[in-house]
Amino acid sequence: MEIQHQQSGSKGTFFISRNNEILAEMTYSRAGEKLVIIDHTEVSDELRGQGAGKELVYTLVEWARANDIKVMPLCPFANSVFRRDLTIQDVLT
C-alpha cells in the first residue's frame, strides 16, 4: 500500500488510491505551525480489515516526527490507534 500525502493551505490528507480512486483517507487540519488535528479517517470496503487505517496513522506519525509537529487525534479511529500503541504517543499534544 503506497500512502500519499497532500497539503493545501491549512488542510491535509494522507491517502491510498488506485486508478485515481481514493480507497483510504485520513484528513487533518493545521492549528498553527507545529500542531495538526486529525479529524477524519475512512477506509473503503475493499481495504477494510487490511490495516490501511492504522498505516495512515503510522505514516502521519513519521511525518510529524520528521517535522517536529504535535498531533491531536480528534477522529475516534485515530484516537484508538494512539491509545493502543505507546510507541507513537510521543507526538501527542
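These exercises walk through the sheet and the helices of a predicted model. Local features need pLDDT of at least 70, side-chain atom pairs count only at pLDDT 80 or more, and totals for chains, interfaces and linings use all residues. Residues are numbered from 1 along each chain as its sequence is written, and side-chain values use heavy atoms, with hydrogens and water left out.

**Exercise 1. Work out the strand order of the sheet.**

Step 1. Find the strands (DSSP runs of E, at least two residues, numbered from the N terminus).
Step 2. Link those that pair (DSSP finds at least two bridges between them). The order is E1-E2-E3-E4-E5, an open sheet with mixed pairing.
Step 3. Name the edges. They are E1 (4-8) and E5 (70-73), each pairing on one side only.

**Exercise 2. Describe the pairing of E3 with E4.**

Step 1. E3 spans residues 21-30 and E4 spans residues 35-43.
Step 2. The sense is antiparallel, over seven bridges.
Step 3. Pick a pair: Arg30 stands opposite Val36 in E4.

**Exercise 3. Describe how H1 and H2 cross.**

Step 1. Locate the helices (DSSP runs of H or I, at least four residues). H1 covers residues 52-66 and H2 covers residues 76-84.
Step 2. Compare the axes (lines fitted to C-alpha atoms, for helices over the stretch in contact; angles run from 0 to 180 degrees between N-to-C directions). They come within 10 Å and cross at roughly 70 degrees.
Step 3. H1 is therefore roughly perpendicular to H2 (65 to 115 degrees).
Step 4. List the contact (heavy atoms within 4.5 Å). H1 gives Gly53, Lys54, Val57 and Val61; H2 gives Phe77, Ala78, Val81 and Phe82.

Terms used:
Parallel < 35°, antiparallel > 145°, perpendicular 65-115°, else oblique.
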